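Here is a short briefing on one protein. Look at the sequence and the 3D structure first, then read the points below.

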Amino acid sequence: LILHGRHFLISWRQAAINVEKLRNQNLSSQFESLKNQVNPHFLFNALNTISAVTRRDPDKARELIQHLSHFFRSNLKQNINTVKLKDELAHVNAYLTIEKARFTDRLEVEWDIDPQLYESQLPSFTLQPLVENAIKHGISNMLEGGTVKIYSEAFESGFKLIVEDNAGNYQKPSKDHVGLGMEIVDKRLTNFFGQDSALKIESQPQQFTRMSFIIPKLK
């Protein structure tokens with residue numbers, strides 16, 4: 001009976017390990033799918049923007065090419081599990097610089113990140129999907145354009161990192177690209193930080209959409 005009990009316990013543990021491996025493999029597969037969906041769409045828009053800028057402002061075009069190179073170079077490194085926040089912010093800044101050139105005066109960006117967070121580790125490719133969602137499904141639908149804010153707030157258990165737009169066009173997704181992207185970001189955050197760091201989405205129509213998560217304090 002004891003032998004059978006030990007065998008059952010070992011089998012149960014192995015089964016649990018196998019399930020966890022499959023879950024992580026599935027999440028990694030979805031993560032790669034998300035990156036592959038982002039890149040061609042962004043590249044097409046970026047190249048069109050650079051082409052339009054080249055004739056009237058060659059220096060600006062060269063700057064945009066450098067940002068585009070930085071963005072894709074960072075993207076190629078995103079197979080690593082975690083990055084420092086300062087590197088994630090640099091990745092997002094490269095993306096936003098090109099998007100600002102595309103939208104001209106229809107896109108404003110405001111940053112307010114506490115510098116003490118720069119060395120914090122977080123899952124790679126976490127902020128960019130949130131920022132892309134704010135532009136693609138928010139600001140781009142506003143006739144006069146709008147503002148994306150990326151900022152942090154301190155509280156007892158850590159820092160909240162927030163991406164906010166003033167469009168308020170968020171709709172709960174079904175099975176489209178936006179839904180997949182937010183779901184993957186949420187899963188990777190909770191896998192790394194725990195359930196308290198799950199992605200939170202708040203929205204008021206025609207006022208704002210606010211996506212946030214917690215970077216907990218180190219214990």
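The accessible surface of the protein comes to about 12,900 Å². Carbon and sulfur atoms hold 53% of that surface. Accessible areas come from the Shrake-Rupley method with a 1.4 Å probe, and for residues only the protein chains shown count as cover. This is a predicted model: local features need pLDDT of at least 70, side-chain atom pairs count only at pLDDT 80 or more, and totals for chains, interfaces and linings use all residues. Residues are numbered from 1 along each chain as its sequence is written, and side-chain values use heavy atoms, with hydrogens and water left out.

**Overall build**

- The protein has five helices and seven strands. Both are DSSP runs, numbered from the N terminus: helices are H or I with at least four residues, strands are E with at least two.
- Along the sequence, the pattern reads α-α-β-α-β-β-α-β-β-α-β-β.
- Of the 219 residues, 42% count as buried. Buried means under 20% relative accessible area, exposed means over 50%, and partly exposed is in between (1.4 Å probe, protein chains only).
- Take the contacts (heavy atoms within 4.5 Å) between residues at least 6 apart in sequence: 74% of them join residues at least 24 apart.

**Two packed helices**

- Two packed helices are described by the angle between their axes and the distance between the axes.
- Helix H3 (residues 85-103) and helix H4 (residues 127-136) pack at about 20°, with axes 9 Å apart. Axes are lines fitted to C-alpha atoms, for helices over the stretch in contact, and angles run from 0 to 180 degrees between N-to-C directions.
- H3 and H4 are therefore roughly parallel to each other, a term for angles under 35 degrees.
- On the H3 side, the contact residues include Leu85, Leu89, Val92 and Phe103. On the H4 side, they include Leu127, Val131 and Ile135.
- The residues of this contact divide into nine nonpolar, two polar and three charged. Ala, Val, Leu, Ile, Met, Phe, Trp, Tyr, Cys and Pro count as nonpolar; Asp, Glu, Lys and Arg count as charged; the others, Gly among them, count as polar.

**Two residues with positive phi**

- Most residues other than glycine have a negative phi.
- Phe125 has a positive phi, near 60°. Phe125 is found in the loop between strand E3 (121-123) and H4. Is Phe125 buried or exposed? Phe125 is buried, with a relative accessible area of 1%.
- Gln206 also has a positive phi, of about 60°. Gln206 lies in the loop between strand E6 (200-204) and strand E7 (208-216). Gln206 is exposed, with a relative accessible area of 62%.

Methods
Parallel < 35°, antiparallel > 145°, perpendicular 65-115°, else oblique.
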